Amino acid sequence: MQKNENKNNKKPIPYIWLDEEERHPMMMGEPCTILFTESFASFTNIVQKIVGSGAGAILREVGYEMGKRYAELTFKQYPELRELDVETQILELCSIILRNTGWGTIEITNLDFENKSMLFRLCNHPSSVLEREDKEPTCHFEGGLVSGIIEVIFDEKQTAVDFSCEHESKCCNIRIKSP
């Protein structure tokens, strides 16, 4: 019975397909690369080993640039999202970009428009599979990713400023603010 229940939880993602002629996957009309979560986690781990204490800043910046591009491509594919209120845009883009493409599930726990601040909980993201002996955050890349998405929505620079990880539950709490 358990197998059937799990099978029923799986659904296709309508905007990802294989272009037989070009010989690569396509997402939202653009060529894409599909990575195993473990492969991405090993990339993050290697950056942390090589760079050391500055790895978080590098990973945030790479994630930030990717997040901006993800958001721009999503708005290009779904321009009607621009017509929605800002909170709905954030929820929709985070759902499309994060959950549907394997970057984790997001729960926005505080959205403060007056102070241009957002606190969210991200679970089951690629970096969460990293085994850490220390309690340092592993979610710098993902925090940067969401910062980039939010910047495109607000059209204003955003920075992931605070991280707290719950390694046992594979979740991180991340605060993003306008500098």
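Helices (H or I, at least four residues) and strands (E, at least two) are DSSP runs numbered from the N terminus.

The structure is a predicted model, in which local features need pLDDT of at least 70 and side-chain atom pairs count only at pLDDT 80 or more, whereas totals for chains, interfaces and linings use all residues. Residues are numbered from 1 along each chain as its sequence is written, and side-chain values use heavy atoms, with hydrogens and water left out.

Strand 5 pairs with strand 7 (residues 171–177) in the antiparallel sense over seven bridges, and Arg-121 stands opposite Asn-173 in strand 7.

Two packed helices are described by the angle between their axes and the distance between the axes. The axes of helix 3 (residues 55–77) and helix 4 (residues 86–97) come within 11 Å and cross at roughly 105 degrees, which makes helix 3 roughly perpendicular to helix 4; angles under 35 degrees count as roughly parallel, over 145 as roughly antiparallel, 65 to 115 as roughly perpendicular and the rest as oblique. Helix 3 contributes Tyr-70, Ala-71, Thr-74 and Phe-75 to the contact, and helix 4 contributes Gln-89, Leu-93, Ile-96 and Ile-97. By class, this contact has six nonpolar, two polar and no charged residues, where Ala, Val, Leu, Ile, Met, Phe, Trp, Tyr, Cys and Pro count as nonpolar, Asp, Glu, Lys and Arg as charged, and the others, Gly among them, as polar.

**The nonpolar core and buried polar positions**

In soluble globular proteins, nonpolar side chains tend to be buried together. The largest nonpolar core in this model has 36 residues, and those with the most contacts inside it are Leu-93, Ile-97, Leu-98, Trp-103, Phe-120, Val-146 and Ile-174. Such a core is a set of buried Ala, Val, Leu, Ile, Met, Phe, Trp, Tyr and Cys residues joined through side-chain atoms within 4.5 Å. Two or more residues come from each of helix 2 (37–51), helix 3, helix 4, strand 5, helix 5, strand 6 and strand 7, and helix 5 gives the most, with seven residues. Val-146 touches Leu-98, Ile-106, Met-118, Phe-120 and Ile-176, not counting residues up to four places away in sequence.

Ser-147 lies in helix 5 and is buried, with a relative accessible area of 2%; buried means under 20% relative accessible area, exposed over 50%, and partly exposed in between (1.4 Å probe, protein chains only). With residues up to four places away in sequence not counted, Ser-147 touches Tyr-64, Gln-158, Thr-159, Ala-160 and Ile-176. His-125, in the loop between strand 5 (117–123) and helix 5 (140–154), is buried as well, with a relative accessible area of 1%. Under that sequence limit of four places, the residues touched by His-125 include Trp-103, Thr-138, Glu-142 and Lys-170.

An open sheet of three strands has the order 1-2-3, with antiparallel pairing. Strand 1 and strand 3 stand at its edges, each with a single partner strand, so one side of each is left without a neighbour in the sheet.

| Hairpin | Residues between the strands | Turn residue with positive phi |
|---|---|---|
| Strand 1 and strand 2 | four residues | Arg-23, about 65 degrees |
| Strand 2 and strand 3 | two residues | Met-28, about 50 degrees |

Strand 1 (residues 16–19) pairs with strand 2 (residues 24–27) over four bridges, and Leu-18 stands opposite Pro-25 in strand 2. Two bridges join strand 2 to strand 3 (residues 30–31), with Met-26 opposite Pro-31 and Met-27 opposite Glu-30.

Definitions and conventions
Contact means heavy atoms within 4.5 Å. Axes are lines fitted to C-alpha atoms, for helices over the stretch in contact, and angles run from 0 to 180 degrees between N-to-C directions. Two strands pair if DSSP finds at least two bridges between them.
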